[in-house]
Amino acid sequence: MLSKKLFGQRLRQLRMDHQEKQDVLADLLDVSVPQISGIENGYNSTTLEKLVLICEHYKVSSDYLLGLSDTP
């Protein structure tokens, strides 16, 4: 089952591991910084197109971000 909270936690950790600020990710996804904050806090979700961009950018699987696997 999809957990927006887990997705957000993993996204935040990936962003921090890459030493990126929220504005860098917001620019990549063409969204606002508050939208990134909402995703990372488990309040908002994203589109499939943006999920693909995140996976390509951080070189992780969608299964990892969606909580279907613990292997990035």
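User: Where is Asp30 found?

Analyst: You'll spot Asp30 in the loop between helix 2 (22-29) and helix 3 (33-40); helices here are DSSP runs (H or I, at least four residues), numbered from the N terminus. One heads-up: this is a predicted model, where local features need pLDDT of at least 70, side-chain atom pairs count only at pLDDT 80 or more, and totals for chains, interfaces and linings use all residues. Residues are numbered from 1 along each chain as its sequence is written, and side-chain values use heavy atoms, with hydrogens and water left out.

User: Why does Asp30 count as exposed?

Analyst: Exposed means over 50% relative accessible area, buried under 20%, and partly exposed in between (1.4 Å probe, protein chains only). Asp30 comes in at 68%, so it counts as exposed.

User: Which residues are buried in helix 2, and what puts them on the same side?

Analyst: Leu25, Ala26 and Leu29 are the buried ones. They cover an arc of only 105° around the axis, so they lie on the same side of helix 2; the arc is taken from the directions from the helix axis to the C-beta atoms.

User: What do the buried residues of helix 2 pack against?

Analyst: They pack against helix 1 (4-17), helix 3 and helix 4, with contact meaning heavy atoms within 4.5 Å.

Key:
Helices (H or I, at least four residues) and strands (E, at least two) are DSSP runs, numbered from the N terminus.
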